[in-house]
Amino acid sequence: MKTLTVANQKGGVGKTTLTVHSGYAAAGANLRVLMVDFDPQASLSLGFNIVQPNPEYLTSADLFSHDPVTKKPQPYDGNIDIIPADERLFDLISASTDDAIRARTALRAIGKARKYDLCIIDTPPERNLLLVAALAIADFVVIPMTLGLYEQGGVERLIETIEGTRMALNPSLTTLGIQLMKTNSKSAREREQVQAMRDQFPEYVLKQELTELASVRQAVNNRLPVWHNPRGSSHEKAAKEWRLATAHILNEVTR
Amino acid sequence: MSSVNDMMGKLRAAEPTEVDISSIDVKPQARKKFEDENHTLQGLADTIKAHGVLQPVVLRPLGGGRYELVAGERRLRAAKLAGLTKIPCRIRQRSESESALVQAVENIQRKDLEPIEEATMLKQALEQLNGDRAALLREIGKKEAWLTQRLNLLDLPPQAQSLIDEGLTTDVTTLNNVRQLARKDPAAADRLVDDARKTPAGGAQLRAKSEAAKNEAKGKANPSKAASAAPGGGTKPTVATPRDRSAETPGAAAVYTGGAGIGGAGVFPAPPMKPHEKAITSLVEAVRKPGADAVKLLASISAPDRELLEQHAKAYFEKGRQSTDLVPGILAGLARNEFGKAPVEFFNLTAFLLAQSKAEKMTIDAVLAAIATAST
């Protein structure tokens, strides 16, 4: 099982939307996918329609427990299972790095036993033990980023966290790069910024940027991938962009 | 046991805080220009000679006692020029790609913004933070006055706008001076712009002129006040109408003004609230509190204000009824600051949504009941 973590220490950049779509894309490519919610705000869980986790199934806080894991991830749909967040996750925000290692061991065992191809972890928008645990478990991390005025701090702090986690807990963590989110193709200034970034650092900014389009929000609200049954040219555009972006990320992770 | 803070602390421990300049490799960087007329390399070298390198450069270990420069090429060049052999540094255990990522992000942020662009982005950021100025100031690390000056640029008088449009200046201080001047003495502001057109001068000169004109206008008796005072005498009855009415119904007036906490005092003075808006504020605040008697409060409102209140609510109820698509309707209301968290805005939104929830007729009671339910 390969593990991909989606992270940015700034909120509102579209982390969960990217996580969900990567999951749908992988399931569509016939991979067995395990989605894991490490954010106490539980947006990913909501995205898969889990408002209150079913006590029969595993939640992400269970991974940190000293008791052996006996429950299973909750099946969502065909190829997708999910380990949702529950309130106990709040208590783990300042847990120790030993707990992160325990969660990694537990998750890897589940991956092996249940033969998942890919695990995708959604993270809280701040540096705490849950973010560090998600980075300690991951093979790859992708950084969704918007082009606002104050994005730099979020990315810089995250890279610091990645460095620290790599040194202390996970030497094989690879940074895939920045996924540009919610871009505006009509803003000349933004076009210029993106071009400058690509000219100077072509490998580190993922090729397909994702435009801010209403159809993306609607798809999220309907709990469907944006490429489901696209109607109208703007929806088609969004569908195409998201297909390409997630395909690129998955290629990098699974090759 | 180790906390996240310990872990991050270890990242910093055992790092040298100073290295030999000769052990630093510099990769060719995107930035080619290291000086301009205001920031010469020699100037920085002189500062470094006098005070040392104040901000450490950022390095990445390459192994074998060698480092690669991540950030601070200008400082490094100036330090060499100043004859230093060692330079203070911070070491980052970054992979090459992560160093490049940080540089990429830094570079796009560093691109000089036109002040108006910057102001527009600040306004958007402020909206994202639900208008929380303190939070925005924390995020950008600036002072309140700086933010105010920037935001003021979005509300410029025509004279200042001409200066920008005609490419005469984009200097924030100058524009703010003209802004204040135009308020006190519009004719003087016109003259200043004309003058700038005829004799295009350097930025510093125009700034000084605008400063002088602003101070001169301040010194004079306020002409706009003086001008409005005379005709004001003749139009007294209409201007004073609301006040007269509240005097007729002292009980109601006491109720309205009693509901304190009407909006935070922002930098832009909010337009004064109309009596029925004050009534809405009091009512909404009352129903949000447990145990308050909104019915009694409603009954205490004077008949004319009550009518205005009904009209106001009906207007939003009608909008809601005619809106076939909920989302654009709500977004438009939010964009116009008609909908929001503040009492009047929340009242408007509730009246609007009430029509959407299949209510046949609008009543103030129903709106207040909905607000009360939402607040429990």
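Of the 88 residues in the largest nonpolar core, the ones touching the most other members are A:A133, A:A134, A:L135 and A:V141. A nonpolar core here is a set of buried Ala, Val, Leu, Ile, Met, Phe, Trp, Tyr and Cys residues joined through C-beta atoms within 7 Å. "Buried" means 20 or more other C-beta atoms within 10 Å of a residue's own, "exposed" means 12 or fewer, and "partly exposed" is in between, with C-beta atoms placed from the backbone. This is a predicted model, where local features need pLDDT of at least 70 and side-chain atom pairs count only at pLDDT 80 or more, while totals for chains, interfaces and linings use all residues. Residues are numbered from 1 along each chain as its sequence is written, and chains are lettered from A and ligands numbered from 1 in the order in which they are written.

- Leaving aside residues up to four places away in sequence, A:A134 touches A:T5, A:A7, A:F38, A:I121 and A:T123, where contact means C-beta atoms, placed from the backbone, within 7 Å.
- There's also a second, separate core of 28 residues, and B:A279, B:L297, B:F347 and B:M362 are among them.

**The sheet in chain B**
- Five strands of chain B make an open sheet with mixed pairing, in the order β1-β5-β3-β4-β2; strands pair if DSSP finds at least two bridges between them.
- β1 (18-20) and β2 (24-25) of chain B sit at the edges with a single partner strand each, so one side of each has no neighbour in the sheet.
- Strands β3 (residues 57-63) and β5 (residues 86-91) of chain B run parallel and are joined by three bridges.
- B:V58 has B:R90 as its bridge partner in β5(B).

**Where the chains meet**
- Chain B puts 31 residues into the contact and chain A puts in 33 residues.
- On the chain B side, α4(B) supplies the largest share, twelve residues.

Notes
Helix = DSSP H or I, 4+ residues; strand = E, 2+ residues; numbered from the N terminus. Contact = placed C-beta atoms within 7 Å.
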